[in-house]
Amino acid sequence: MEFTLTEEQRAVQELARDFARREIEPAAAELDREPDWKKRMPWALVEKASAVGLRQLPYPEEYGGGGADVLTCCLAGEELAVGDLGMAVNLDQTWKLAHILDHMAPQLKDHWLRRLCAEPRFLTAISITEPGVGSDHQGYYDDPSIAFYTRAERRNGRWAINGMKHYISNGPVASLYVVGARTDMSKKLRDGLTGFLVPRETAGLAVGKVHEKIGQRLSMNSELLFKDAEVNEENVILGAGKFWEIRGRLLACGKPEAAANCVGVGRAAFERALAHARERVQGGKPIAEHQAVAAMLADMAIGLDLARSFVWRCAWAVNHQKPYDFTLGWKAKIFASETAFNCARWGMEIFGGAGIMQEAPMEKLMRDASTFLHSDGTNQVLRLRTASAYAQGTVSAF
Ligand SMILES: Cc1cc2nc3c(=O)[nH]c(=O)nc-3n(C[C@H](O)[C@H](O)[C@H](O)COP(=O)(O)OP(=O)(O)OC[C@H]3O[C@@H](n4cnc5c(N)ncnc54)[C@H](O)[C@@H]3O)c2cc1C
């Protein structure tokens, strides 16, 4: 395993770092406070990210993408999240489709990739979660009684989707959705779910409530409502009943990218806390020189270094390890999100009273860092899946 980044990887990392400092950071705090989601949605930043190639980073170069692998996306994702987690998530969600291109019919792929790469506001969303099916689809079991409310049935050579989703990142702003729907109730969840590519303009697809979140506020989440939303057979990804395979690929590549976003938020907390601790004088010296504060800074640095190493190892394994050990992604996401949350908490303490003041940066970072404890699967459920994999012997301890 090689930890030395290539010249291209360094260039992407530098591009994203510069973009976060120059474009995202100056705009993020004010947008975060905007109550109206339509005004809060950072379209100007999305367009600028398109202009420099970050929005379409992992897509094939022949379509106008950057051809980046998972590790390179992790490098960019960490930098973007230092600027703002919500903005990083807007792009990260749009990168996910790149992981399942091999599963798409060639014509469909060609049509959508051209649009995705060319349209500066083109975002995508992955829609699985429903009010009745949250952790259950992320579960470590395959219970036949778990019934997705969202179902699809064949009608005159097309598929009609009915049901609803919620909490979907990019829900109200995406141009294209990957939708998991139940197509066979007689089979277990693993074999009865199908993945569809659903364009925004599909008749019968509507955006429901837009959720107001405490963190990641530059990323919009919403319900999606399907009422006889019809798509063509070719919009079925990989084949009927194959959603588990698609989901496997999405999760394998998506987990290190999500974990990289967490490292970025934690780093933002660390960098701000460190700067504050160097400047703020109490007890006759900068507080960084007080051992209690120094120990917190050290713990933040240790956690972040470990989390980043874990993300990189996981990103490497996605492309090289055969068979891929899925627990790596779950463990990396758990560790990185909890590290980010600890960094925000310790950063808050280092800021003293200013830690909870809205004029100081830490309260936003605390809100942002809390979001990944629950998204991309709750950490509790990911722990159970990890433990179950070891208990069943599908992965070995070393
Ligand atoms: C900011 C954000 C963005 C998201 N974006 C998306 C998205 O783009 N697409 C998408 O499809 N989903 C998305 N989600 C959903 C997310 O991935 C989670 O899987 C989902 O929120 C968890 O389901 P739930 O909220 O219904 O919690 P529940 O399943 O109700 O869980 C509640 C609690 O019970 C625990 N629990 C549940 N089941 C078990 C069990 N069997 N054993 C032990 N403990 C259990 C959980 O760990 C948790 O602590 C997003 C969520 C958030 C918060």
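The questions below go from the whole chain to the ligand and then to single residues.

Student: What kind of model is this?
Tutor: The model is predicted.

Student: What makes the radius of gyration of the protein agree with that of a compact globule?
Tutor: For 398 residues, a compact globule would have a radius of gyration near 21 Å. The protein has 21 Å, so the two agree. Along the principal axes, the C-alpha atoms fill a box of roughly 80 × 50 × 40 Å.

Student: How many helices and strands does the protein have, and what share of its residues counts as buried?
Tutor: There are 13 helices and 10 strands. Of the 398 residues, 47% count as buried. As for contacts with a separation of 6 or more, 75% come from residues 24 or more positions apart.

Student: Which domains does the domain assignment give?
Tutor: The assignment lists domain 1 (7–118), domain 2 (124–241) and domain 3 (244–391). The contact between domain 2 and domain 3 takes 14 residues from each of these two domains. On the side of domain 2 that touches domain 3, α7 and β5 (193–199) each supply at least two residues. That side has 6 nonpolar, 6 polar and 2 charged residues. The centres of domain 2 and domain 3, taken over C-alpha atoms, are separated by 29 Å.

Student: How do you know that the ligand lies between domain 2 and domain 3?
Tutor: Both domains give residues to the shell around the ligand, so the shell lies between them.

Student: What makes up that shell?
Tutor: β1 (124–127), α7 (135–138), β3 (158–169) and α13 each supply at least two of its residues. Of the 24 residues around the ligand, T129, G134, S135, S375 and Q380 come nearest. By class, the shell has 7 nonpolar, 15 polar and 2 charged residues.

Student: How do you know that the span of α13 agrees with what a helix should have?
Tutor: Helix α13 covers residues 379–391, which is 13 residues. The expected span is 1.5 Å times one less than the number of residues. For α13 that should be 18 Å, and the end C-alpha atoms are 18 Å apart, so the value agrees. Just after α13, G393 takes a positive phi of about 75°.

Student: Why is N170 called buried?
Tutor: A residue is buried if 20 or more other C-beta atoms lie within 10 Å of its own. N170 has 26 C-beta neighbours inside 10 Å, so N170 counts as buried. N170 lies in the loop between β3 and β4 (176–182). Its phi is near 70°, a positive value in a residue other than glycine.

Student: Where is the cis peptide bond between K322 and P323, and what is its omega?
Tutor: The bond joins K322 to P323, with omega about -5°. P323 is found in the loop between α10 (291–320) and α11 (327–350).

Methods:
Residues are numbered from 1 along each chain as its sequence is written. This is a predicted model: local features need pLDDT of at least 70, side-chain atom pairs count only at pLDDT 80 or more; totals for chains, interfaces and linings use all residues. Helices (H or I, at least four residues) and strands (E, at least two) are DSSP runs, numbered from the N terminus. A residue is near a molecule or strand if its C-beta atom, placed from the backbone, lies within 6 Å of it. Ala, Val, Leu, Ile, Met, Phe, Trp, Tyr, Cys and Pro count as nonpolar, Asp, Glu, Lys and Arg as charged, and the others, Gly among them, as polar. Domain bounds come from an automatic or database domain assignment. Two residues are in contact if their C-beta atoms, placed from the backbone, lie within 7 Å. The radius of gyration is taken over C-alpha atoms; the globule rule is 2.2 Å times the number of residues to the power 0.38. A residue is buried if 20 or more other C-beta atoms lie within 10 Å of its own, exposed if 12 or fewer, and partly exposed in between; C-beta atoms are placed from the backbone.
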